[in-house]
Amino acid sequence: MDSATQTFQHRSLPIKLWPPSQSSRLMLVERMTKNLTTPSIFSRKYGLLSKDEAEEDAKHIEDIAFATASQNFEKEPESDGSSAVQIYAKESSKLMLEVLKRGPRIKEDREDMIANETIFDISGGRRAFIEADEAEELLQPLRGPNSCTKICFSNRSFGLDAAYVAEPILLSIKDQLTEVDLSDFIAGRPEAEALEVMNIFSSALEGSVLRYLNLSNNAMGEKGVRAFESLLRSQRDLEELYLMNDGISEEAARAVCELIPSTEKLRVLHFHNNMTGDEGALAISEMVRSSPALEDFRCSSTRVGSEGGVALSEALGTCTHLKKLDLRDNMFGVEAGLALSKAISVFADLTEVYLSYLNLEDDGAESLANSLKDSAPSLEVLDMAGNDITAKAAASLAACIAAKQFLAKLNLSENELKDEGAILISQALEVGHVQLNEVDLSANSIRRAGARLLAQAVVHKPGFNLLNINSNFISDEGIDDVKDIFKNSPNMLGPLDENDPEGEDLDEEAEEDGADNEDELESKLKNLEIKQNE
């Protein structure tokens, strides 16, 4: 669960904070809805709520929390409202936890099928093993004539007997299916049984013409991939393929590449959280190179190093329709970053790019920023957190950011931009950027000067939601400055509880000069120019 419902507790609040504005109340409902619909340890155990049900629950929670807090405020009408705000947040958090533990009420109370005749979904409710008797009952709606085109068996673990029940049913409807979700459907089964279940489902669905196939969260490895051979070999029209958290090793990646006969229509390919490594990335790059229609590619947390990163980058250069790219949490390094910058130059339609924790360093970050500046005119999300980027690369980053007027989210956290970089970024954000709603420059060794200018740059943006500058080296006076800038919208300022005003890695000269020197530093840095590429 994120800290959306607890943000009120992490900062000093101005006078007369109660009641909150209607926009603040709606924002809390929106954030709770997101929490309730995001996969988590609770959703795996109790089931994931649909967006409609989550929104209904979130509104109900907010109403109760608001009423409870208002009753408290009426008892202390002369207070500043901070205690009411704390009760509001605490009650919201408590009730949301109860809803998460309750699970999806709609699916639990009636049957486990979505109320839509084209979709059959048994993923709701508690995660559980399914044996023959329960399978007979659950799958009964699929017997006989029906217009079902999409099935989701996720979150229920099929044993061998249950698979034999499902087999003739799948055979009878496979010709009408276009979407199949078999993610997390063998959890807890012994390997031999799990592989046999996969074989049964694969054979039953062989020959179906699918546009969507999700086999995630099955810890398949190469054996599991090959257990689905019949199904995979028959797929020539796939548009979306998900193989996340499947233990996709080098061998498994090669098996996927070998078995799927065509990826010409593939638009979405996700390989998140696998053991792919460099050799596996070489196999995946072959699939990417054969997917000219690719729009959404995710290969995050897959242990890919420099060699594999270069191969993937070069293959991505053929995907001119790419809109979303997620390569987070790999070991690319500078060389792969330079290769990726060449590929990015052809992505005219790119709207989201996630390149955090790739060991890009200044050279890789500068090269990518320069390429992005001259491409991707509609970029909405830029994430380059945790890449050891210093102020040296800040001018290139700032020039790129200044050119991205549709930018909504910017994440440069866990770098070493310091005040010089932060001020250049703030200059880039000052003009335009009316769609900007979130900026994260936490853990960047920023002090008072950089923090103050960042706050001034974003506070008046019409749709802005959150500035995160926690875990920096902002002085107590600097924190007061920032809070004063956000005095009319305190909910837009993230927590500052992990800030270190001592600034352990401040240079000796800065320590000697003290807080007054920060004003001089800010004045000097304001005059720095954002370098434009020739």
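Author: Happy to! Let us start with Cys257, which counts as partly exposed because its relative accessibility is 22%; buried means under 20% relative accessible area, exposed over 50%, and partly exposed in between, using a 1.4 Å probe and protein chains only. Please keep in mind that this is a predicted model, where local features need pLDDT of at least 70, side-chain atom pairs count only at pLDDT 80 or more, and totals for chains, interfaces and linings use all residues. Residues are numbered from 1 along each chain as its sequence is written, and side-chain values use heavy atoms, leaving out hydrogens and water.

Cys400, by contrast, is buried, at 1% relative accessible area. A search for disulfides (pairs of cysteine sulfur atoms within 2.5 Å) through the whole structure gives 0.

Now for the wider setting. Of the chain's 534 residues, 55% count as buried. The chain has 21 helices and 15 strands; these are DSSP runs numbered from the N terminus, helices being H or I of at least four residues and strands E of at least two. Taking contact as heavy atoms within 4.5 Å, 85% of the contacts between residues at least 6 apart in sequence join residues at least 24 apart.

Helix H1 covers residues 22–37, 16 residues in total, and spans 23 Å from its first C-alpha to its last. That is close to the expected 22 Å, which is 1.5 Å times one less than the number of residues. Its buried residues include Met27, Leu28, Val29 and Met32, along with Arg25 and Arg31. Among what covers them are helices H3 (51–75) and H4 (82–102).

Leaving aside residues up to four places away in sequence, Ala84 touches Trp18, Ala69, Asn72 and Phe73. Its C-alpha lies 8.8 Å from that of Phe66, a residue 18 places apart along the chain.

One last stop: H14 (333–344) and H15 (361–373) pack at about 5°, their axes 8 Å apart. Axes are lines fitted to C-alpha atoms, for helices over the stretch in contact, and angles run from 0 to 180 degrees between N-to-C directions.
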